[in-house]
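Please find below a colleague's note on the model under review.

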Amino acid sequence: MSLLPLAFSTCDLCDAHKGDESGAFRVLPGGLYRSYGGHVDFAGPVATVRCLEDNSLVKQAVESPGQGRVLVVDGGGSMKRALLGGNLAAAAAKNGWAGLLIHGCVRDLAELRETELGILSLGHMPLPTERRGQGVADVALQIGGGVWVRPGDWLYADEDGTVISAQRLHGGTL
């Protein structure tokens, strides 16, 4: 699958939707997530996984067709185990995922930087997870200080920040 160039700015999206009080447009707190992937700008419809220190469902997701989606992983903010490393990031890029947002840790930083993928995470930790088959997929998540992210929402990320929208935004065309 060939991903088209992105044409959006999270600042412009925020300007256009700053008066939205419906909850359909949400902004993740600034400075919370660090960019680790080969792409800083990425966007797409959201798929979700909730897991704690077990990346079994992350592996399952990135090994499936991404179709330009963004995988948002709620790792409970744990800094004890990395939920994504170089092998899983390479699988995500190969399978057409636009990006990943990990509310937890990543590892294999040199490999992540070389991956044709957007990757945001709270931080990094060299210790991998133990795969125990735990977690849930395709559920509403609350991350980044209480911001709701639901399957089918749209995530837009660039160097200025990350926004979530209940629908695809015109200022964020793919």
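The numbered points below take up these topics in turn.

1. Basis of the note. The model is predicted; local features need pLDDT of at least 70, side-chain atom pairs count only at pLDDT 80 or more, and totals for chains, interfaces and linings use all residues. Residues are numbered from 1 along each chain as its sequence is written, and side-chain values use heavy atoms, with hydrogens and water left out.

2. Aromatic pairs. Rings of Phe, Tyr and Trp (its six-membered ring) are paired if their centres lie within 6.5 Å; planes under 30 degrees apart count as stacked, over 60 as edge-to-face and the rest as tilted. Searching the whole structure gives 2 aromatic pairs. One of them joins Phe8 and Tyr156 edge-to-face, with 5.4 Å from centre to centre and 70° between the planes. Because Phe8 lies in the segment before α1 (10-17) and Tyr156 in strand β11 (residues 154-158), this pair ties together parts that are 148 residues apart in sequence. Helices (H or I, at least four residues) and strands (E, at least two) are DSSP runs numbered from the N terminus.

3. The aromatic cluster. Trp154 and Tyr156 have ring centres 6.1 Å apart and planes at 25°, so this pair is stacked. Phe8, Trp154 and Tyr156 together make one aromatic cluster. Buried denotes under 20% relative accessible area, exposed over 50%, and partly exposed in between (1.4 Å probe, protein chains only). By that rule Tyr156 is buried at 0%, Trp154 is buried at 12% and Phe8 is buried at 14%.

4. Leu84. Is Leu84 buried or exposed? Its relative accessibility is 1%, so Leu84 counts as buried; the residue belongs to strand β5 (residues 82-84). Leaving aside residues up to four places away in sequence, Leu84 touches Ala89, Leu100, Ile102, Cys105, Val106, Arg107, Leu112 and Ile119, where contact means heavy atoms within 4.5 Å. Leu84 and Pro128, 44 residues apart in sequence, are 8.2 Å apart in space, C-alpha to C-alpha.

5. Helix α3. In helix α3 (residues 86-94), the buried residues are Gly86, Leu88, Ala89, Ala91 and Ala92. They pack against α2 (56-62), β5, β6 (99-106), α4 (109-114) and β7 (118-124). Gly96, with a positive phi near 85°, follows α3.

6. Cysteines. How many disulfides does the rule give? With a disulfide taken as a pair of cysteine sulfur atoms within 2.5 Å, the count is 0. Cys14 is in no disulfide, the nearest cysteine sulfur being that of Cys11, 6.7 Å away; Cys14 is partly exposed at 24% relative accessibility. The sulfur of Cys51 is too far for a bond, because the closest cysteine sulfur, in Cys105, is 12 Å from it. Cys51 is buried, with a relative accessible area of 4%.

7. The second largest pocket. A pocket is an open set of points on a 1 Å grid over the protein atoms alone, where a 1.4 Å probe fits, with protein on both sides within 12 Å along at least five of seven lines; lining residues have an atom within 4 Å of a point. The second largest pocket has a volume of about 200 Å³, volume being the space filled by probe spheres set on the points, which are joined across faces, edges and corners. Its lining has 14 residues, and those closest to its centre are Tyr33, Leu120, Asp158, Glu159 and Gly161. At least two lining residues come from each of β11 and β12 (161-165). By class, the lining of this pocket has 6 nonpolar, 5 polar and 3 charged residues; Ala, Val, Leu, Ile, Met, Phe, Trp, Tyr, Cys and Pro count as nonpolar, Asp, Glu, Lys and Arg as charged, and the others, Gly among them, as polar.
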